[in-house]
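Dear colleague,

Please find below the sequence and the structure that I am handing over to you. A summary of the findings follows.

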Amino acid sequence: MLIEKYDIEVFTPPCEPGAERYAARVRLTADISEILPYLNATLRGAVYLPTANALTWKKGGHNVAFHAYEIATSNADDREGAEKELKGLIDLVNRTWEHRAEITPDIITRQRPTSMAIFKLLPQTNCKQCGEPTCYTFALKLTTAQKKLADCPALMEPKYTDQRAGLEAIIIEAPAIS
Ligand code: SF4
């Protein structure tokens with residue numbers, strides 16, 4: 001286990017007074033720098049910055065940041081939600097650490113694809129087979145890992161083969177560690 005001891009701090013960001021959104025961070029006694037390339041290889045849409053020893057990621061509506069001695073998340077509805085989210089991230093780091101022998105670490109810094117870039121490659125028929133009202137809503141959820149490419153059945157049709165290949169090129173699919 002990489003992270004064993006930690007103290008979680010939950011707070012309201014000073015830039016959002018009265019917004020009633022909550023952030024949380026945990027200061028670590030262990031340096032987790034070594035795990036960042038493994039997270040970069042497995043988290044869809046992660047942006048790894050080796051020179052800063054940092055990795056950022058969007059998970060649902062949360063902005064997540066991993067640093068050598070700190071993990072932080074933002075935009076939770078309440079204190080309990082912020083704490084639960086952060087504990088989930090600590091578990092993710094520990095699970096990834098346990099499975100690191102099965103993962104090829106990745107040190108490439110990628111641009112996170114925008115929802116518009118994804119939308120342009122979707123069928124744009126708003127057929128709702130994915131459970132979303134529009135293709136753009138689906139694109140938004142793809143960028144935050146709330147949906148997978150396979151959730152769009154239309155993309156499996158032969159006429160969308162090129163578009164699917166384009167999407168596969170810019171989107172890292174679901175985390176290898178779950
Ligand atoms: S299933 Fe695909 S084509 Fe249909 S609405 Fe969802 S994203 Fe658009």
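Glu9 stands opposite Arg25 in E2. Please note that the model is predicted. The strands E1 and E2 (residues 22–28) run antiparallel and are joined by 6 bridges.

These two strands belong to an open sheet of 6 strands, whose order is E1-E2-E6-E5-E4-E3 and whose pairing is antiparallel. Strand E1 (6–11) and strand E3 (47–49) form the edges, each pairing on one side only. From one strand to the next, the twist averages 15°. Helix H2 (residues 79–98) packs on this sheet, where it touches E1, E2, E4 (54–59), E5 (62–67) and E6 (70–76). The direction of H2 makes about 140° with that of E6.

Two hairpins may be described in turn. E4 and E5 are paired antiparallel over 6 bridges, and Val64 in E5 is the bridge partner of Trp57. Their hairpin has 2 residues between the strands, and Gly60 takes a positive phi near 60° there. E5 then pairs with E6, again in the antiparallel sense, over 4 bridges; Phe66 stands opposite Ile71 in E6. The hairpin from E5 to E6 passes through 2 residues.

The remaining finding concerns the ligand. The space that the ligand takes is the largest cavity. The residues surrounding the ligand are Pro123, Thr125, Asn126, Cys127, Lys128, Gln129, Cys130, Cys135, Phe138, Cys152, Pro153 and Ala154. This shell divides into 8 nonpolar, 3 polar and 1 charged residues.

Yours sincerely

Definitions and conventions
Residues numbered from 1 in each chain as written. Predicted model: local features only at pLDDT ≥ 70, side-chain atom pairs only at ≥ 80, totals over all residues. Heavy atoms only, no water. Pairing = 2+ DSSP bridges. Axes fitted to C-alpha atoms, helices over the stretch in contact; angles between N-to-C directions. Contact = heavy atoms within 4.5 Å. Near = heavy atom within 4 Å. 1 Å grid on protein atoms, 1.4 Å probe; cavity = no way out; pocket = protein on both sides within 12 Å on 5 of 7 lines; lining within 4 Å. Sits in = over half its atoms within 2 Å of the grid points. Nonpolar A, V, L, I, M, F, W, Y, C, P; charged D, E, K, R; others polar.
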